[in-house]
Amino acid sequence: MTADLRRRSATGHPIGCGGALGLCARVGRPVESRCACGLRAGLRAVGARAMEPPAAKAESLLLLAPVTALECVGDRVLAGEGPNLLIYCLETGGQLVVTQFVPSVLCHYYIHGIRELQSPASTQASETTLAIFGSKGLRVLTLSWGEEAVKLTWLSQLCELHDWIWDLHWVQGPGKASSALALALGHNSVVLYDHIRQQVLQEVQCDEMCIIYSACLVGKDWQELVLVAGTVFNQLVIWHPADFTSEKRRVKVERRISGHSGVIFSICYMESKGLLASASDDRSIRVWRVGDLRVPHNLVQCILVCYGHQSRVWSVQLLDNYIISIGEDSACIVWNYIGEIVQTFKGHKGRSIRAVAVHKTQAWVVTGGADSGIRLWPLKGNKLLGSSLLPLSFGSFTKKGSPKALTLVSPSWLLVMTDVGAIYLYDLTVKQWKFILDDINYQSYNLLDAVQLPGGSVICALGNLEGHIKIFPLHYPQEAKELKIYKGKVHGLSWVPRQPWDPGRNDLCCALFASGPEGVLLWLDVSFCPLGRVDKVVEQRRYILPLCKQRWHTCLTFLPQGDFLVCGDRRGSLLLFPCGAATAEPSGEEMGGRESSSSADSDKDHGSDHSLTPEEGAPVDLLFGIHGKQGVTSVTFHRGYVYSTGRDGSFQQLCVQGKRLQPLWKQKPCKGMDWVAGLSFASDGNLLVLGFHSTDFVVWSPRTHEKLHIVPCGGGHRSWGYARTSATMVFACIKAGDVMVYQAQEEGSCYQAVLKESLHGRELTCVRHVGAVRTQEGDNTIDILVTSSEDTTVNILAFVAVSSTVFLLATINNHISSVRTLTLCGANTNGGEPQARLQSLLFSAGGRAEMQCYQLLVTADLSAQAGLTCQVTHLISHRLDELWDRQKNKHKVIKMDPETRLFLVDESARKLQLLAESFYHQRCVLRIQTVTYEAETGASCVVLCSAATDGSIAFWDITATLDHALMVIKSPGRMQLPCDLGCPCLTIQAHSCGVNSLHIRETCAGQYLVASGSDDGSIHVCLVAVEMPLIPQASSQEDRKLTPKTCVHVIQKFSVVSAHTAHVTGLRVLRPDLLVSASTDQRLTFWSLGPTGLAFVNSRICHVADVSEIDCWTSKSGKGYHCVLSGQGLEIIHWTG
C-alpha cells in the first residue's frame, strides 16, 4: 500500500493511498538547500571535483542481527551477532552486565561457533584461549579478565578456508607441545590446521563425498579423532580421519546410523555416558547409545525419540540429567532421559532460536534468537509450592451445598460461597477451612466481593436476586448490615478503594458500587470502626448506565484527584462519571433495612431518559463498545494513565483530558489470549497481563514475552481469583464442584533475565528516521527511528550515536497482518536543530489493506532507561476493504480495486475520507512520493510521483484534488464521491521490471532529481522540471477546468544497468552530487553524480540480509551521513567523504 500526505489546514490532511508497497508523507516544501543555477551547471562542478579520488569511509555503528553463537566461559557469556563478539559478565544474583563489544571479529563472516581450549595446565584461572569460526573463516584469541576490564589478545589473523566450517575441535598438535585445530568441513572432510602459521597440516576426505548439515568431532589428538557427520541423506556417518591408506587420502565410513526422516542439523556426544544425540528436520530429537566412538564396531542402539517441537529442531545438547533442544518454533525445551518435557522456555519473538549454551555451575540456559535477543533461563524453573492445580476437597469438609462463588482476599485467605448461601474461609497458610455464616436468602444466585482495609481488616459484601445486599466484617459476621436497594436482581457488586493520593480518601471508609435493574449504578460509602466493624452505610450518589441489553457494570476505579471515576460495563464500553454531588442530592442519612428510593419505576424513568445530564447521573463521556461486545474485565489507574482490559483480547491505555476519555493505544498480548482479564503492575514498573488462553489461565509478561504461569483451569467462564505479592502468586477457581488452588513462588531467580532486548520476530520491512531529541544532560542528541516488520508490529527506537546503543521506547501492534510500509508527517527528518521534544504523525500500512495513524510525542525523561519517553496516541484505524467485506452478494459483483487512492485525514474527528482514486497503472504500485513546487508568482502545485511493477514512473498534478479537499473540510456532513485522478502529466519507462526504490530531491527552483532502483539491479536517475502556466489562478471550479495544467518534462536522464547484482531495495539522494543505494546483495554503495552520469565512489558489505529499506540523515557533526538499513536485522552505518 502507498500513501502520500500534505498538510493543508489545522483540521484535515489529504492522504493518498493505493496498491503500492510504500508509504510516504509530505508537509509543505522540503527544508533543503537550493542553488541559484540549474542542475547542469552544478553537475559540471561536481564532475570537475570527481576527477580526484574521493576519500570516503564507511563505519558500522550498530548491528542488530540474529544471534548465531553462544558459549559460557567461566562466569562470562560470549555471543556472536553477525561478525561481532559480545562479552557479558554473569555476576552474583543472576545479573548480566556487558563488559566488552568486539566488532568485526570475522570481518564479513557471521560467527557460528565459539570453542574454548580446555587446558588443565593453565596456571591462570582468569585466562583462556578461544577459537571463533563461522562460514569459511576462523580466528584465535586469548581472553583474560581482571577486576577492571576484559583484555583480548589476537593469536592469529583471519584464516579463510575453501569450504564451510561445521565444527571445530581443539586437538594436540604434531609437536606434542602445542595445540592445533581439527575442522569439519561442508563436504565431509576433516582438516588439521595450524592457526599460528596459518597453514593446513593435513586434509582427509571421506569416501562418501556429500554435503553435510552438521558435524561433531571427538578426540584428544589426530590419531584418535572421530567425526560424526549428518549427511544430506538423513544419516549419521562415523569415520576416523587418521585411517586413510591411499594417496588420495580417502577414508571409508565405519558406521552408519539411520532413523531420521529429515536432514540432521545438530549432533552432540557425551563421552561419560556413551550417548549421541541428533536433532533433525523431522522435528524430533533422537538419543543413541554408541559407547566409546573411538572403539570401532560398537553396537548402536536408539534409546529415546522425543517429539515436542512444532517445527524444525536446530540444536541439541546433552547434560548429566537433562537434554536441551532449540527449534524454529522459538522454543527451548528441557527433557529428562525418559523423554518427558521438564520445562519449556518461550520468550523470543518470531520463528527461531538460533543458539544455546549452558552455564552448568549456576544452572542457567542461555538462548539467542533470530530476533537479536539473548535470554537467560533458570534450569530448575518455577518452584511450585504445590503440585500444580490442587483440589482443596471442599466436599469432604462440608455438606452444605457446592461452591458457587469465590474471591481471593489476599494470597493467604480465600472466601467461598455455596449455592445454599453458606460462606467459608480457607487459610492457605495453615490449610484449614472455617465456617463464617449461612443465609438462605443468598442461595442459588449470589454475588460475593471482599476488600482488605489498610489496617488488615476484611469487609465482605453479598448480593442476591431480590435486590438485597449484606455487608459484614469477616471476623464479626454476626454484625452484618443488610439493605434492600433494588426491586430486582443485583447484577454487579464491587468494592472500589480510592487512590492513595485522593484528597477524599479515608482509611475507615470504602466505596461499594452496586448495579441493579434499568442500569442504575448505586454508590454507597461504607464507614468502619477502628476494629473493622461496620459503622454506617450512606448513599453517596447514583448513576445511570447507557441503554444496552446487558446493562450493568463490571469494574470501576477512582481517578487520583477524586473528581471522576471510570466505569467498565458488560457491553464493552468505558464511561466517565463525575464524583461531585448530584442535582437531586441524596438524603445522606444512614441506610438501614428500609428500601432505597431507587425503585423500579424511577429506575425505568431514568434508564429511558436520553436527556439526562451528568448531574442527574449520566456519564460525562462514553466510549461505546471500545472492548467489543463481550465486556470490560478490569479498569486500573497507574502512573497518570487509565488501563482497561476486555474480553476482546486487548488492553488499552487512556488518559483523561478535561472531561473526556482519550484512548492512546491498544495492544494485544500473546497469540491466542482472547480473554484479557486484568493487569498487574509490579513495584519495579513491570507489567503482567492476566487472561485466558483457551482453557488455561495465563500470566504473561510483555517485557520478556514469556508465559510466566499456565494454569489448566478450564477457562474463564467460572468464578476465579488471583492474588500476588513480590514472592508468591496464587490462583483459585471452581472446577468440577471443588475449589482448586495454584501456588507458585515468584523469586527473581526463577524467571528469565533479558540479556539483550529483542527487536522484531520476523523480517523488517521498513525503517524511518523521525528526528533527533536533545537530552536534559549535556548536549547529547538521540535519534529516533521507527521500524516495521512481518510480525505485525511497529517499534519506536532511540539510537544513541555516542555509545552506539539502541533502546526500545514503544511497541505498536494494532495491525492484523504484516506491516509493509511507514511514513511520517511533521517530523524533523531533514537534519534540523534537535529540540527537547519531538512530535510527529506516523502512518503505517500493510496486509489486509489496513492503515493506521498514530501521534508520537518523544520527550526527555531522566527516570527512563534511555533518558526519553515516547507517548503513542492511536488516532485512526482504516481498512480499505471494510465496505467490501460487509457487502452482500459479493459473488455477483466484480471487484475493481484502484491501485492509487488519495484520502483526507481529519485529526480532530479521527477519520479518513476517500478523495480520489486511479486505475491508470493497471498493476501494483510499489513506491510513491510527492513534491511541492512554489513559483515566483506565489502560486504552488503538488506533483505526485508513482512507480509500478512494469518499471514505469508517472507524474500527476494533484493540486486541484487537494483544493477539493478544502471544500470537503468545510462541508463535513456531505457525502463526497471520490474524484478521478485522471491521466498523469508525464510517464517515464525507467526500468524493465518493478521499481523497488524511489527518492526525489529538489536541486533548484522547479527542478528535481528523481532516482529509482529496480528488480534488475539497475539505477535510473533523471532530472525533471516542473513548470506552471503564467496566468492568474482560476477562482471557480469551472474556470479551473479551462486552466492549462502543470507541465512536467525531463531535462536529462542516465542509468547504471548493473549497479547491483540483485534487487535494489533502498536508494537515497543525499546531495545533488551524491547518491547511496542498497541491495539484497548486501552491498551499500555510494555514487557521485556528474554531468556524464553516476560514478562509483565506494562500497561496503552490510551485515543485514535481504535488505528491504534504507533511510539516511545528516550526522550531528555535519561531516557525514548516517544510513540505517532494515531487513533480517538492523544496521546503522556512518559514512564520511
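1. K549 sits in the loop between strands β45 (534-544) and β46 (553-558). Strands here are DSSP runs of E, at least two residues long, numbered from the N terminus. K549 is exposed, with a relative accessible area of 84%. The cut-offs are under 20% for buried, over 50% for exposed and partly exposed in between (1.4 Å probe, protein chains only). R571 is 22 residues from K549 in sequence, yet the two C-alpha atoms are 7.8 Å apart in space.

2. A word on the model. It is predicted: local features need pLDDT of at least 70, side-chain atom pairs count only at pLDDT 80 or more, and totals for chains, interfaces and linings use all residues. Numbering starts from 1 along each chain as its sequence is written, and side-chain values use heavy atoms, with hydrogens and water left out.

3. Now the surface patch. I211, Y213, V232 and F233 make a nonpolar patch of about 350 Å². Patch residues have over 30% relative accessible area and no salt bridge, and nonpolar side chains are joined within 5 Å. A salt bridge is a Lys or Arg side-chain nitrogen within 4 Å of an Asp or Glu carboxyl oxygen. The areas come from the Shrake-Rupley method with a 1.4 Å probe. Y213 lies in strand β17 (residues 212-218). Y213 is partly exposed, at 30% relative accessible area.

4. Is strand β67 mostly covered or mostly open? Strand β67 (residues 837-846) is mostly covered, with eight of its 10 residues buried.

5. Look at the neighbours of β67. Strand β66 (residues 819-825) pairs with β67 in the antiparallel sense, over six bridges. To count as a pair, two strands need at least two DSSP bridges between them. L841 in β67 stands opposite C825. Strand β68 (residues 850-860) also runs antiparallel to β67, joined by 10 bridges. One of the bridge partners is E850 in β68, facing G846. The hairpin of β67 and β68 has three residues between the strands, and R848 there takes a positive phi near 60°.

6. Last, the cavities. The whole structure holds two cavities of 30 Å³ or more. A cavity is a set of points on a 1 Å grid where a 1.4 Å probe fits but cannot get out, and lining residues have an atom within 4 Å of a point. Volume is the space filled by probe spheres set on the points. The largest cavity has about 50 Å³. Its lining includes Q929, F955, Y1008 and V1048. Strands β72 (925-934), β73 (940-948), β78 (1007-1014) and β79 (1019-1027) each supply at least two lining residues. β72 gives the most, with three residues.

Methods. Patches are made of residues with over 30% relative accessible area and no salt bridge: like charges are joined within 9 Å, nonpolar side chains (Val, Leu, Ile, Met, Phe, Trp, Tyr) within 5 Å. Helices (H or I, at least four residues) and strands (E, at least two) are DSSP runs, numbered from the N terminus. On a 1 Å grid over the protein atoms alone, a cavity is a set of points where a 1.4 Å probe fits but cannot get out, and a pocket is an open set with protein on both sides within 12 Å along at least five of seven lines; lining residues have an atom within 4 Å of a point.
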